[in-house]
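Subject: Structure handover

Hello,

Here is the structure I promised to pass on. Please open it first, then read the notes below it.

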Amino acid sequence: MITTAKAPANIAFIKYWGKSNEKLRLPMNSSISMNLSEVYTTTSVEFSEKFKEDFIYIDGKRVKAKEKERVVGQLDLIRNLARIRLRAKVKSRNNFPKGTGLASSASGFAALTLAASKAAGLNLSEKELSIIARLGSGSACRSLPEGFVEWKAGDSSKTSYAYSLYPPNYWDICDVVAMVGESSKKVSSTEGHAIVESSLFYKVRIAGMKNKVRGIKDALKKKDFTKFGEILEEEAINMHVVMMTSEPPLYYWLPETLDVMLSVIEWRDKGLESYFTIDAGPNVHVICQARNAARIKRRLIKLNGIKRVIINKPSIGARLI
Ligand code: PMV
């Protein structure tokens, strides 16, 4: 039987950058995110005796080597839990270019975990799915629950998972993504996490994290958009300072990235309120209230080097389809 799942990408307002346990992908700090309505992965999984090995297709291409190993590792976790040895055919499609800082590993591993566990005959809870997705890619654990999500750092595999803080319709905010680059990044986030401690600023970042998580949760609770935006924008810069001061330094931005950031600040100074955040890639996520999304999109499209602009609303989490 073929089982298919769809999972959204998510944008983190408080980021996960650096692990306390590399193998278990336990993060150094809790993170807060929102699932995205227009950016997602659809994955189908079939376990069968007719397959002599695992066949993995991503966006129509059969993947090999490292990329395949990571998917097979995730299938092995699920096979062990279900006590089966059957090989699988996995077909995964992103509706956006992968590896460009649009969280393809998050939506990808969330969809894979849900589809494969069902196909293997398991009936896991959202918490169990979140834990298993985390083992494939940390941020993937946040694409299982709905809407606005917290990933509790925890101190063991069982205590490190994500849960929903609020459903998608809780707050009318948007993530207007300005795509400035569509080619795959040179340094993966997995490699980036491994070198965080080489940055002089990392300890300072971690020391402030608990306070920041508390602050953004409070702003979310009060729906205080200004406070919320100020925290998420500072947080993005904070993470990128650590990235740029790692050894070797990681520069994920392109000139157009900075251009969007400065434009957002200028528009805000003139009364159009929005805030930016950026993951491990050059694309800029402009967070605004829904009533301003179309206006911001019109302005972003006019900037140099913008390839595409996508307006995302808060979304439900991973689902079987
Ligand atoms: O889950 P990973 O290993 O792809 O790391 C995600 C890292 C960031 O996207 C930069 C931050 C985050 O919390 O999503």
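First, a word on naming: helices (H or I, at least four residues) and strands (E, at least two) are DSSP runs, numbered from the N terminus. Glu-67, for one, sits in helix α1.

Some ground rules. This is a predicted model, so local features need pLDDT of at least 70 and side-chain atom pairs count only at pLDDT 80 or more, while totals for chains, interfaces and linings use all residues. Residues are numbered from 1 along each chain as its sequence is written, and side-chain values use heavy atoms, with hydrogens and water left out.

The ligand

Start with the ligand. Tyr-16 places a backbone N or O atom 2.8 Å from a ligand oxygen. His-193 has a polar side-chain atom 3.0 Å from an oxygen atom of the ligand. For Ser-105, a side-chain N or O atom is 3.2 Å from a ligand oxygen. Taken alone, the ligand exposes 380 Å², and the protein buries 95% of that. These areas come from the Shrake-Rupley method with a 1.4 Å probe; for residues, only the protein chains shown count as cover.

Arg-142

This residue deserves a look. Arg-142 sits in the loop between α3 (126-136) and β8 (148-151). It is buried but has no salt bridge. Two terms there need cut-offs. Buried means under 20% relative accessible area, exposed over 50%, and partly exposed in between (1.4 Å probe, protein chains only). A salt bridge is a side-chain nitrogen of Lys or Arg within 4 Å of a carboxyl oxygen of Asp or Glu. The nearest side chain of opposite charge to Arg-142 is Asp-279, 5.8 Å away. For charge, Lys and Arg count as positive and Asp and Glu as negative; His and the chain ends are not counted.

What does the side chain of Arg-142 make a polar contact with? One partner is the side chain of Asn-10, at 2.8 Å. Another is the side chain of Ser-31, at 2.9 Å. Ser-31 lies in strand β4 (residues 31-48). Its relative accessible area is 0%, so Ser-31 counts as buried. Beyond four places in sequence, Ser-31 touches residues including Ile-14, Tyr-16 and Trp-151. Contact here means heavy atoms within 4.5 Å.

Salt bridges

The whole structure holds 15 salt bridges. Asp-279 pairs with Lys-15 at 2.6 Å, N to O. This pair links distant parts of the chain, 264 residues apart: Asp-279 is in the loop between β11 (274-277) and β12 (284-289), and Lys-15 is in the loop between β1 (3-14) and β2. Asp-279 is buried, at 14% relative accessible area. Lys-15 is buried too, at 1%.

Arg-268 and Glu-233 form another salt bridge, with the closest N and O atoms 2.8 Å apart. Arg-268 lies in helix α8 and Glu-233 in helix α7, so the pair ties together parts 35 residues apart in sequence. Glu-233 is buried, at 10% relative accessibility.

Lys-270 meets Glu-266 in a salt bridge of 3.1 Å, N to O. Lys-270 is exposed at 66%, and Glu-266 is partly exposed at 43%. Salt bridges with shared partners also join Asp-54, Asp-76, Arg-79 and Arg-87 into one network.

Backbone points to check

Most residues other than glycine have a negative phi, and most peptide bonds are trans. Arg-25 has a positive phi of about 50 degrees and is not a glycine. It lies in the loop between β2 (19-21) and β3 (26-27), and is buried at 12% relative accessibility. Ala-65, also not a glycine, has a positive phi near 50 degrees. Ala-65 is in helix α1 (residues 65-82) and is exposed at 56%. The peptide bond from Glu-247 to Pro-248 is cis, with omega near 0 degrees. Pro-248 is in the loop between α7 (225-244) and α8 (255-269).

Best wishes

Conventions
A polar contact is a pair of N or O atoms within 3.5 Å; within protein, one must be able to donate a hydrogen and the other to accept it, and residues adjacent in sequence count only if both atoms are side-chain atoms.
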